[in-house]
Amino acid sequence: MFNMQSVFPGIARRSTSDLAALERQSRSQFIPMSTLLSADLPEPFQQPGPNATIITGGRHPSEPSIVDFHFPRVQAGNDLVVGRFPIRNVITEGPKALMATERASLNPDLRWVHIPFNSMQYAEATIAAVCKDLHLDPDVVPQVILSDSKWKNRLHRRRLDDGHHATFMQTTCLELKIGTEYLKLLSDNDAKRFHHCGANFVLFMPFLHWGTECVLEWRDKKIETIENSSANVADDCETELRRFYAEMMANQLLSDKPLHIRRTLDQYYYTHIKKTRERDLDQVVAKYGPMAKEKGHRPMIIVDQLWLWILGGNTVISCFDRRWENDNQPRLNVFDNVLWKLIDDKQAKRVQTGFDLAHLIIDGASSYFFTDSGTLPEHLRFHELFRKAIGISREEQTKIFSKLVKLQNKDMTLSKSEQNQLFDLRQEFDLVRDIRDIMDELNMIDQVYIAEIKTLKPLRSMQYNDALFNSERTDVDGNNVSDPQGQRLLWDDRGWFRRTDEYMHTHHAIVSDMVRETEHVYSELKDTIELKQNNASIFEAHATRSESEAIMLFTLVSSIMLPLSFFSSLFGMNVIEISEGSRVSLGVALSYTIPLSFIFTSVFMIVAFKRTLREWSVELLCGKSEPGNSNEAQPAPLKSQISLNCFRKQCNGRQGTVSSSQSEKPNVTARKRVDCNV
């Protein structure tokens, strides 16, 4: 076995030590990590304009597409051979027969079969049809390509009380070892193409895309109809595309091999929350975008799944969802975007192997969140919308701090309105809620990129082994058969892996920088609230001191007047010793007044300090309030009376009720939506 690092030490464009060095430089020089990583990025792909279109035929975009590469024709400037066919035809007739009869495409150098939805049933049937075209033994599908360890065991199944978004494939990138027993119908050269190391692999990974609120609402209503065992799920008034998807959900959603639906950010991370509708409508891109007031038509960030197989190095099978709209705009859908780059941007000339095409597909999926802003409508520039949200939060925090500084310079002479500003925390609570929403969604996006980066190392290893075999340095088992004589292997001479690796790490660094910036704003806001609360406490202490001085003066006056009042009352008593003609002596009067005063004073002292007696006496004198009017009996506390302890309890102490069970994501801060109407 060749040691990859000894043959090509620079196999990893960004090694662990390189990334650690850049991170230290970022912290010491206060330079964002994303700026350092993007310093020498490959030139970005050209993006389709607003009027760009792709014509592939077929009845609607949710039909599978087949793309054939004939390398000599492509290099000569001819287009690819592209066909779109109903899924039933692909399964029953096979891609080879369809392309031979309808597109006259025979024996392509590279074939790409794409299914525009994540259906386990259709994926299995399509792979079986492709393997039949490749003359592989039928048993290779259930025993190797879709064996339990690489298919069913990678499936995260939902529990009975979970939503259907809890069904997904866990992030995976594995090599498929096809033994010679499945290659008996092939010639020796063709058999080696499937049997050598790195020739076959499978990849499952999440990626970010988008959808609209109205389409997701339509999907959720269809799912409720299916769960209620309603026979009719398709509506004749709907488009053919939506009728097709509704029927597919009805047939496969509850089966043992279920259809995987598109997931929102909350559904991706909080897999065991059954209904996330309220949380989904509160996404940052919806609140801060230009369509913020157009509820029902606002965009939403969606997490789709990319399923990718390479067989024999020259057959690529992919499955990932598209938007359920009958459009073919390359800038709005990943598949159309990749196809546009191959045809209009002439990237097909740089595709020589299945790995090259796989990298173009992975790049198109993982980079959509950071698509060039000049080619997308304003409401779909997600990266810019998050930057805008962070900027607005920082500006609001700065305004709050400036107001606090102005109050601080008042030298304890505050007007009534200024006192209300000092004690009022409503604006701070609203800002805390917004900042925590931004932090939470950025953390979810960050987890998507972490999952994508996990696939790079095994993908690099398989691509390298495939290059070793094709350069005749190893045999089918990966054993050394020739001496490289110190020459480096140009295993990525067209730079596809480098592009994928560097852009993934750069995008992850950009999201991480935004997370840190949001956390910094949140920390500053907490400091501002604490300063405001401390300032309010100082003002209260100053006011209490002024009141205590007034009480002391009143006490001094009372201490002077109390003896005078006592002697005036004493000498005003109608007793024999003081007033002539009285029949009651002083002793008799004192014998009544002193005990009675002591008894009444003791009783009222006991009632005052005994809680149960005090509550009973209040109910007896004021009447017991009705249960429904309990809120009316006591006025609701003002928001300005909320203490810092209450704020900390609501904002920092209460954890999210549900945590993620996805094995590919580490635990991050759970979402905390602060209820400000206290």
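Where does UniProt place the feature "transmembrane region"? The unreviewed entry puts it at residues 550-572 and 584-609. Keep in mind as you look around that this is a predicted model.

**The chain as a whole**
- The protein chain has 678 residues, and 50% of them count as buried.
- Going by secondary structure, you'll find 25 helices along with twelve strands in the protein chain.
- Take the contacts between residues at least 6 apart in sequence: 75% of them link residues at least 24 apart.

**One of the annotated spans**
- Residues 584-609, one of the stretches that carry the UniProt "transmembrane region" label, are 92% helix and 0% strand.
- From end to end, the C-alpha atoms of that span sit 37 Å apart.

**A helix pair to look at**
- Helix H10 covers residues 213-227 and helix H11 covers residues 240-252.
- Their axes come within 10 Å and cross at roughly 40°, and the crossing is right-handed.
- On the H10 side, the residues that meet H11 are Val 215, Trp 218, Arg 219, Lys 222, Ile 223 and Ile 226.
- H11 brings Arg 242, Ala 246, Met 249 and Ala 250 to that contact.
- Sorted by type, the residues of the contact between H10 and H11 come out as seven nonpolar, three charged and no polar.

Notes: Residues numbered from 1 in each chain as written. Predicted model: local features only at pLDDT ≥ 70, side-chain atom pairs only at ≥ 80, totals over all residues. Heavy atoms only, no water. Helix = DSSP H or I, 4+ residues; strand = E, 2+ residues; numbered from the N terminus. Buried < 20%, exposed > 50% of the residue type's maximum accessible area, 1.4 Å probe, protein only. Contact = heavy atoms within 4.5 Å. UniProt positions renumbered as here; feature names shortened; annotations may be inferred. Axes fitted to C-alpha atoms, helices over the stretch in contact; angles between N-to-C directions. Left-handed = near helix turned anticlockwise from the far one by under 90°. Nonpolar A, V, L, I, M, F, W, Y, C, P; charged D, E, K, R; others polar.
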